[in-house]
Amino acid sequence: MLDAEAAVDGWYALLAGIPADRADPAQVLVQYKGQGAVERRYADFKGPLAVAPVFVQHNHRVAALIQVTCLALLVFCLIERQARRALGPEQTMAGLDPDNRRVRPTSRMILYHLGELTLHVGTMTEQPTVQITRGVQLHLLELLGIEVTQTRWPQT
């Protein structure tokens, strides 16, 4: 009895949306492994996007709210994807973490650092400028393909 238990120790069942006639073990495992990305996005939906209870009275407003929230989540995901693609195969960078370790950028980190940028609106005689307080902000803007031609570092 103990030998039989030891033989299947560590095995578990996976449920997949692949029809049984086309489900080979490798496909089922790949689909299961992708579940973590979905769960992380769900956590983003509940966390950084700060989705809070909203009371609406009409079904079309509920649908519109869900659509806007999903669009925000899509933009959130695309920011992370663009930064990681621009970094290349290593997909890590320094300056995002407080202890300056090389980490994979997440949307939460990116938006945290870019949230401290200040835009000074231009006038008829002056162009608008972006005040950058840390080098990581300029690097993130470059990774995202945002061309900032006029920057201003704070006066010290």
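A residue counts as buried when its relative accessible area is under 20%. The legends below refer to a predicted model.

**View 1. D97 in the loop between α4 and α5.** The loop that links helices α4 and α5 contains D97. With a relative accessible area of 16%, D97 falls under the 20% limit and is therefore buried. The side chain of D97 makes a polar contact of 2.4 Å with the side chain of R101.

**View 2. The crossing of helices α4 and α5.** Helix α4 spans residues 59-87 and helix α5 residues 107-114; their axes come within 9 Å and cross at roughly 90°. The two helices are therefore roughly perpendicular to each other.

**View 3. Residues at the contact between α4 and α5.** Helix α4 contributes F76, C77, I79, E80 and A83, while S107, R108, I110 and L111 come from helix α5. Grouped by class, the residues of this contact are six nonpolar, one polar and two charged.

View 4. The chain holds six helices and three strands. Read from the N terminus, the order of these elements is α-α-α-α-α-β-β-α-β.

**View 5. Burial, surface and contacts of the chain.** The chain has 156 residues, of which 20% count as buried. When contacts between residues at least 6 apart in sequence are considered, 38% join residues at least 24 apart.

Notes
Residues are numbered from 1 along each chain as its sequence is written. This is a predicted model: local features need pLDDT of at least 70, side-chain atom pairs count only at pLDDT 80 or more; totals for chains, interfaces and linings use all residues. Side-chain values use heavy atoms; hydrogens and water are left out. Axes are lines fitted to C-alpha atoms, for helices over the stretch in contact, and angles run from 0 to 180 degrees between N-to-C directions. Helices (H or I, at least four residues) and strands (E, at least two) are DSSP runs, numbered from the N terminus. Angles under 35 degrees count as roughly parallel, over 145 as roughly antiparallel, 65 to 115 as roughly perpendicular and the rest as oblique. Contact means heavy atoms within 4.5 Å. Ala, Val, Leu, Ile, Met, Phe, Trp, Tyr, Cys and Pro count as nonpolar, Asp, Glu, Lys and Arg as charged, and the others, Gly among them, as polar. Buried means under 20% relative accessible area, exposed over 50%, partly exposed in between (1.4 Å probe, protein chains only). A polar contact is a pair of N or O atoms within 3.5 Å; within protein, one must be able to donate a hydrogen and the other to accept it, and residues adjacent in sequence count only if both atoms are side-chain atoms.
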